[in-house]
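Subject: Structure for your review

Dear colleague,

Please find below the structure that I am handing over to you. My notes on what was found in it follow directly after.

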Amino acid sequence: MSIRVGVVGGGAAGMMAAYAASKNGARVTIYEKNEKLGKKIYITGKGRCNFTNAAPLDEFYENIVSNKKFMYSSLNLFSNEDMRVFLEENGIRTKVERGNRVFPESDHASDVTLAFKSALQMNDVKINLKKEVKEVVFREFTDEGMPRAEKLKFTDGTEKAFDRIIICTGGLSYPATGSTGDGYSFAKQTGHKIKDIRPALVPLETKEEYVKKLQGLTLKNVTLTVKDGDKVLYSDFGELLFTHFGISGPLVLSASSYIGKRLRENPLQAEIDLKPALTEEQLHERLKREIEGNEKKTFYNVISSMLPKSMLTVLPELLSIKKDERANQVSNEKKQEFISLLKAMPFTITKTRGFREAIITQGGVDVKSVNPKTMESKIVKNLYFAGEVLDVDALTGGYNLQIAFSTGYAAGTYAAIGDKDK
Ligand SMILES: Cc1cc2nc3c(=O)[nH]c(=O)nc-3n(C[C@H](O)[C@H](O)[C@H](O)COP(=O)(O)OP(=O)(O)OC[C@H]3O[C@@H](n4cnc5c(N)ncnc54)[C@H](O)[C@@H]3O)c2cc1C
């Protein structure tokens, strides 16, 4: 008799786990509470699904923010290249774009789900849609000396026994897609520790009014630095965007993954270097050139070519130079004040936006109690975890979906074949 595997959640990790388990001879059923599989996949990569990143694996690991070592084994078992091959074998051509980001050639995220549907169908996986798992039932006292997962209970009052159960319920981000944190409760019920859960890859709120007045302005090629006292928590170069609540954009999303934990304790000081390619001396030279021949113009008029227009409107709030002060009246100290501001425009980050706007959830099932090779729980037999429900997360670029696929593949494979090395 083949092994019966129950997969809770039909997202990226769940579909992959079901595929891998069925390919290895298990009888697999997916339970998905939505009306369709992979609801979140449709909105990934702005509808194009950046499903993996083609970087060599050592570079790939650099982009994993939490618990990268936990990923070594599953990424070796099922790599970014394996994911491309999987899609190509299921009729979906793929392409690599800037930053090694990989997409379906069609630019349609739906193609990724389509590939899974066809692979699952070919392997006779049973798909139960609109079926919500309420509880994972486990037997407390067993011959093995540890609890054992035995069946699933559903919200419609029914239940079903399985030999192995894989939890792939995702995190808490974008809850409208079905990820409402159910897996954390299942894990807790079975004695697993849940590491502090918080939104990540998420915009940030700021205190100062002037930042909000810059709403709509995008800055390219700037450096954002976030500090806690003297300690630099994050510093990188790229693009950011001002919004009605604070800041967003690629640089800010990445920053949120590194500062979110500390931000829960206290607000953090941040600064933007608007001219990272130039030193203070070079900027003084530039200012001198701008002033030459324009001494009678106001200072703010003279510097208008050095900054975006909307920024000029907030500068008088940040500098002691008056609006009508002429360029030749501005003292050297005040000029230094301006140059210092260009190099370090200061503001305070108060908090992250919520889960509704977060691309991923940081924290989750403590990986210390999950076997990194098999994804099986170390404290409950026959129970496996895969995907965002685990305390593993990465930056943007296709890494998070690959984490879901690799952990899903490992969980499905070992749920079906068992771990012979144990
Ligand atoms: C807007 C947005 C864009 C993104 N873009 C990218 C991208 O381009 N590249 C990338 O790598 N990552 C991207 N991500 C992140 C990526 O989508 C997730 O990391 C990934 O989907 C996690 O997969 P998962 O299977 O673990 O969880 P999910 O995809 O969230 O799937 C979990 C599934 O479990 C189901 N479920 C939950 N509880 C139950 C229950 N009790 N019973 C039955 N079913 C249940 C849910 O309905 C859901 O379908 C993006 C995320 C967002 C929000």
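At what angle do helix H1 (residues 12-23) and helix H5 (residues 110-122) pack, and how far apart are their axes? In this predicted model, the angle is about 30 degrees and the axes lie 9 Å apart. Angles under 35 degrees count as roughly parallel, and H1 and H5 are therefore roughly parallel to each other. The crossing in which H1 passes H5 is left-handed. On the H1 side the contact is made by Met15, Ala18 and Tyr19, and on the H5 side by Phe116, Ala119 and Leu120. By residue class, this contact of H1 with H5 comprises six nonpolar residues, with no polar and no charged ones.

The sheet beside H1

H1 also packs on a sheet, where it touches S1, S2 and strand S11 (164-167). The direction of H1 makes about 170 degrees with that of S2. The sheet is open and consists of five strands in the order S7-S2-S1-S11-S20, with parallel pairing. Its edges are strand S7 (126-128) and strand S20 (383-385), each of which pairs on one side only. On average, and with direction ignored, neighbouring strands of this sheet are turned by 20 degrees against each other. Within the sheet, strand S1 (residues 4-8) runs parallel to strand S2 (residues 27-31), and five bridges join the two. Val5 has Val28 in S2 standing opposite.

The antiparallel strands S8, S9 and S10

Strand S8 (residues 133-139) and strand S9 (residues 148-154) are paired in the antiparallel sense, with six bridges. Here Val136 has Leu152 in S9 as its bridge partner. S9 also pairs with strand S10 (residues 159-161), again in the antiparallel sense, and this pairing runs over three bridges. Lys151 has Ala161 in S10 as its bridge partner. What lies between S9 and S10 in the hairpin that they form? There are four residues between the two strands, and Gly157 in the turn has a positive phi of about 95 degrees.

The helices H9 and H12

Helix H9 (residues 280-291) and helix H12 (residues 332-343) form another packed pair, with axes that come within 10 Å and cross at roughly 125 degrees. That angle makes H9 oblique to H12. H9 passes H12 in a right-handed crossing. From H9, the residues Glu280, Leu283, His284 and Leu287 meet Lys335, Ile339, Leu342 and Lys343 of H12. The contact of H9 with H12 divides into four nonpolar residues, one polar residue and three charged residues.

The two domains

Which parts of the chain belong to each domain? According to the domain assignment of the protein, domain 1 covers 4-199 + 358-417, and domain 2 covers 203-353. Taken over C-alpha atoms, the centres of domain 1 and domain 2 are 41 Å apart. Nine residues from domain 1 and 10 residues from domain 2 take part in the contact. Strand S12 (residues 194-200) supplies three residues, the largest share of the side of domain 1 that touches domain 2. That side of domain 1 is made up of four nonpolar, two polar and three charged residues.

With kind regards

Conventions. Residues numbered from 1 in each chain as written. Predicted model: local features only at pLDDT ≥ 70, side-chain atom pairs only at ≥ 80, totals over all residues. Domains from an automatic or database assignment. Contact = placed C-beta atoms within 7 Å. Nonpolar A, V, L, I, M, F, W, Y, C, P; charged D, E, K, R; others polar. Axes fitted to C-alpha atoms, helices over the stretch in contact; angles between N-to-C directions. Parallel < 35°, antiparallel > 145°, perpendicular 65-115°, else oblique. Left-handed = near helix turned anticlockwise from the far one by under 90°. Pairing = 2+ DSSP bridges.
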